[in-house]
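Keep the structure open as you read.

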Amino acid sequence: MSQGIGLDIRNPQLETIIGEIRRMSRLASNGLESQRPRLGVFKFASCDGCQLSILNLEDELLALGQALDIAYFPEASSTIDSGPYELALVEGSITTEEDAHRIRFVREQAKVLITIGACATAGGIQALRNWGDVESFKQVVYPSPHYIQSLKTSTPIAEHVHVDFELWGCPIDKGQLLRVITDLLAGVQPRLPVESVCLECKRRGNVCVMVAKGLACLGPVTRAGCGAICPSMGRDCYGCFGPTEGTRKGPGLPPNTASLANHFHDGLHLIPVEVLRRFRGINGYAVPFREESNAWEQR
Amino acid sequence: MINPYLIHPATIMEKIREADSIHTYRLRLNDEETRRNFRFAAGQFNMVYLFGVGEVAISIVSDPEEPERLDHTIRSVGRVTSAIAQLQLGETLGIRGPFGQGWPLEAVRGHDVVIVTGGLGCAPVVGAIDYMFRRRRHYGSVKIIHGVKTSRDLLFHERFEAWGKQPDTEVLLASTRPDETWRYHVGVVTDLFERVTLDPAKTMVLMCGPEIMMRLGVPILMRRGIPATAIYVSLERHMECGIGLCGHCQMGPYFLCKDGPVMRYDLVEPWLGRGGV
Amino acid sequence: MARETCGILSRTNFHRLLDALSAKGYRLVGPMVHDGAVVWDTIQRVSDLPIGWRDHQEPGRYRLEQTGSQEIFGVVHGPQSLKPFAFTPREPLVQIERSKDGFTTRSTLPSSEKVAIIGARACDLAGLGIQDQIFLQGEYQDPYYATRRGGLFIIAVNCTRALQTCFCASMDTGPCAKNGFDLALTEVDDQLLIEAGSEAGSDLLSALSLSPASQGLTRQAAALGDACAQSQVRRLDRTRLPQALYEAHEHPRWDDVAARCLACANCTMVCPTCFCHKVEETPDLTRQNSEHSRLWDSCFTQEHGYIHGKNIRPTIKDRYRMWVTHKLASWIDQFGTSGCVGCGRCITWCPVGIDLTEEVSALLKSSEQRSTSSRPQEAPGR
């Protein structure tokens with residue numbers, strides 16, 4: 001998995017591409033409609049919720065349609081223009097042989113590829129199959145299981161092709177989506193916070209659900225971006241924005257999932273399988289959460 | 001109450017390419033009154049703002065005696081600076097400043113001066129060098145020692161050449177990975193310390209560049225008898241507000257945006273090179 | 001009319017104070033029970049206050065209990081100090097608008113609002129005093145903070161009950177308010193002893209024409225404060241600070257605490273004095289307008305120690321050490337005072353219950369056996 005949108009590290013190749021998008025965007029805003037950067041929205045294994053977040057932009061959707069040429073977005077429009085696309089938003093994970101090929105084609109057609117949502121970025125809830133036996137699921141669920149052509153795993157896009165930016169969330173936050181597009185059109189490398197949900201939660205003036213109610217909240221190890229929706233409703237965060245900071249974990253770096261898991265067990269008296277399930281959720285296949293839940297299999 | 005957060009628009013009057021991904025932007029504040037009242041000292045910095053992107057702390061390179069002209073030499077290293085690099089003449093940046101403590105040019109008066117810089121670290125001392133040369137007789141001998149990685153990293157080549165022609169002035173350049181056109185020393189900048197004659201009792205040192213250069217270079221100068229109190233270094237940390245309020249630029253007990261960026265070496269020595277400070 | 005500095009009000013008449021403040025145009029803010037704790041909220045009447053409630057706090061745990069008593073100020077505090085009132089979690093600073101020849105900028109100063117805060121604790125006042133020092137008394141004054149701060153009328157409540165997490169006595173900031181308030185209350189049985197701490201407070205007291213406080217009641221109030229200080233089970237030894245912490249830079253305890261710390265930043269968010277903030281730029285999609293705002297930030301975030309291409313504090317250990325060393329050591333060098341007021345919020349609201357006093361005590365203990373050179377040791381670069 002890639003580093004995600006985090007640190008301010010230069011990527012000259014990407015800078016050139018973004019500079020080109022800026023140039024086109026400027027020409028377009030000066031009346032050269034044909035120069036509008038082209039947007040493609042692609043779906044893989046997913047629930048369509050993140051694509052709906054785009055449609056739910058409402059007022060901003062019009063502005064988006066003016067700023068970009070929406071060339072491929074089957075969820076929204078029957079117009080299907082072939083690539084290449086300056087910008088590709090990719091929803092969903094790779095669960096079939098066919099999709100594993102299709103994503104390579106999308107990558108070839110896209111100058112900047114952005115994954116949208118937990119499925120595309122971390123494999124999604126369907127990545128729970130990675131710990132199970134897909135064959136036996138098929139036998140149980142479908143009357144004619146031989147029709148089902150499926151891979152044994154659900155994997156994030158970045159395990160198949162290079163991803164330029166990642167938008168986390170289930171679904172994504174529309175403000176973050178707009179922010180990334182706005183930055184790209186302006187020729188700026190997007191940057192989104194990688195800090196914990198707790199900062200957003202405290203800025204909102206919420207009472208901590210873990211400290212005051214004893215709920216096993218994943219907020220301290222989960223990336224900000226949602227605006228702390230669940231704790232604002234008195235609920236514990238279940239990590240839908242994925243792990244804080246890097247998706248690869250180094251020694252001594254956040255997210256410190258081990259300490260939180262130990263507290264769930266020792267302080268909040270969750271039994272090991274409950275601790276495991278906390279981490280094995282929507283982003284359970286993201287490396288830090290995956291490693292944590294695996295560690296609790298032995299307990 | 002003055003609002004130190006207010007951004008003042010300024011127009012790019014000139015954009016000069018200095019090296020790969022390094023440009024000098026000559027800015028002119030748009031508002032006449034702001035422009036007329038703007039004063040700065042060599043070594044101070046501005047917060048330079050790009051519309052819709054944000055601010056970065058950049059030292060002022062130009063001459064403090066011509067405060068209506070504000071030169072900033074900027075390398076594309078992050079999202080703000082890379083985006084600034086796309087701007088052209090006539091486009092607008094914003095400025096807040098000037099902030100911080102500049103070089104102690106009055107304290108240096110009457111002394112021999114050794115200026116040690118590395119990489120882009122030469123930019124924050126340009127104003128100080130120009131200031132001293134305009135008052136040449138107030139200063140003793142001047143030695144300008146500058147190191148770069150590759151010869152392509154050498155900025156202000158003409159300036160170095162011109163400075164070298166000043167009376168009682170030596171310019172020494174070093175490159176660790178030069179190409180065949182390099183006419184100066186091959187090696188690290190600290191090698192050059194051995195080549196200069198120093199009168200430690202009347203020498204003051206101004207230093208700007210990577211911290212590793214300071215940590216390795218200062219002990220050499222101190223062994224040659226220059227006290228830590230006669231050495232000034234310009235330091236870098238994450239600066240977000242420029243006015244000592246946002247908390248990011250701390251180094252030990254100092255806020256480098258307001259106590260620095262120029263600091264007397266003995267004050268910061270305990271913190272330089274400490275992990276995590 | 002003589003200016004009053006002291007008086008008593010029975011609990012049943014406490015509404016008179018609120019009425020007087022409302023009449024002067026203040027919005028009343030007090031602690032209200034919400035989601036299992038108290039938070040600052042606008043109140044209309046005395047019954048909005050957490051009557052009969054008490055809080056129990058311990059590392060990583062906060063619980064409220066209804067005792068059935070008529071006590072108005074039985075809850076010591078919630079997660080919020082006074083910090084959000086003047087240094088708001090998000091403050092728009094400047095609006096930037098594109099124009100034909102570039103852009104124009106305009107500061108977005110908040111409108112001033114008269115707010116009376118009822119129930120601030122001594123530690124909160126000490127915290128606010130430190131924030132005043134940072135935002136108002138340095139080289140640059142912050143006009144956003146100044147505007148909000150200028151509208152505050154603060155009614156302190158002297159603590160008569162210490163939480164398990166309190167250590168204000170050892171920080172010399174409480175449990176009784178010393179200064180920085182307009183009025184201070186002490187709840188003694190069903191009486192409220194009221195003292196004025198400012199001219200505005202004194203004016204209000206005079207207008208209320210209260211019965212004078214008996215010497216007995218005043219003595220009783222003082223005794224309750226003393227007993228509260230005595231009952232504190234936590235303390236922080238400041239005698240060898242800042243130097244001892246500077247010297248503890250390579251102490252193995254940092255690794256120990258880093259294994260527990262989540263770097264979630266909760267301690268810094270609830271801290272009454274933590275002032276770090278970052279600036280966020282939010283342009284609209286058309287890029288005609290952009291807003292420049294500041295947000296509460298924390299030294300526990302990745303961005304905090306970031307400087308082009310490298311992070312000065314990549315590990316949790318670096319960040320925890322930065323926080324504690326700043327709070328308890330370099331703060332003294334910067335501002336002449338400790339950055340800790342002993343409110344204990346960082347202990348309670350740490351999701352995994354890391355106890356600052358325990359960490360500091362461990363950090364100082366073994367450093368006594370180490371060299372006592374006056375300079376920190378040069379550490380190898382990372």
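Two residues are in contact here if their C-beta atoms, placed from the backbone, lie within 7 Å. On that basis, nine residues of chain B are in contact with ten residues of chain A. The chain B side of this meeting divides into three nonpolar, five polar and one charged residues. Bear in mind that this is a predicted model.

**Domains in chains A and C**

| Chain | Domain 1 | Domain 2 | Distance between C-alpha centres |
|---|---|---|---|
| Chain A | 12–185 | 197–297 | 26 Å |
| Chain C | 6–230 | 243–368 | 25 Å |

In chain A, 14 residues of domain 1 are in contact with twelve residues of domain 2. Helix α5 (residues 118–122) of chain A gives the most to the domain 1 side, with three residues. Sorted by class, that side of domain 1 of chain A has seven nonpolar, six polar and one charged residues.

In chain C, the contact takes 37 residues from domain 1 and 33 residues from domain 2. On the domain 1 side, β6 (90–99), α3 (122–136) and α5 of chain C each supply at least two residues. The largest share, nine residues, comes from β6(C). By class, this side of domain 1 of chain C has 19 nonpolar, twelve polar and six charged residues.

Now for helix α7 (residues 215–230) of chain C. Which residues of α7(C) are buried? They are C:A221, C:L224, C:G225 and C:C228. These four cover an arc of only 95° around the axis, which puts them on the same side of α7(C). What covers the buried residues of α7(C) includes β10 (183–188) and β11 (191–196) of chain C. Over on the other side of α7(C), C:Q215, C:G216, C:R219, C:A223 and C:Q230 are exposed.

**A strand covered on both faces**

Chain B has a strand worth a look, β11 (residues 203–208), where six of its six residues are buried. In a regular strand the side chains alternate between the two faces of the sheet. For β11(B), one side has B:T203, B:V205 and B:M207 and the other has B:M204, B:L206 and B:C208, all of them buried.

B:L206 takes part in both pairings: its bridge partner in one is B:I115, while in β12(B) it stands opposite B:Y232.

**One buried phenylalanine**

Finally, zoom in on C:F167, in the loop between β9 (152–157) and α5 (168–171) of chain C. Is C:F167 buried or exposed? With 25 C-beta neighbours inside 10 Å, where 20 or more are needed, C:F167 counts as buried. Leaving aside residues up to four places away in sequence, C:F167 touches C:Q232, C:R234, C:R235, C:L236, C:G342, C:G344 and C:T357. One of these, C:G344, is 177 residues away along the chain, yet its C-alpha atom and that of C:F167 are separated by 6.6 Å.

Definitions and conventions
Residues numbered from 1 in each chain as written. Chains lettered and ligands numbered in written order. Predicted model: local features only at pLDDT ≥ 70, side-chain atom pairs only at ≥ 80, totals over all residues. Buried ≥ 20, exposed ≤ 12 C-beta atoms within 10 Å, placed from the backbone. Domains from an automatic or database assignment. Nonpolar A, V, L, I, M, F, W, Y, C, P; charged D, E, K, R; others polar. Arc of directions from axis to C-beta. Pairing = 2+ DSSP bridges.
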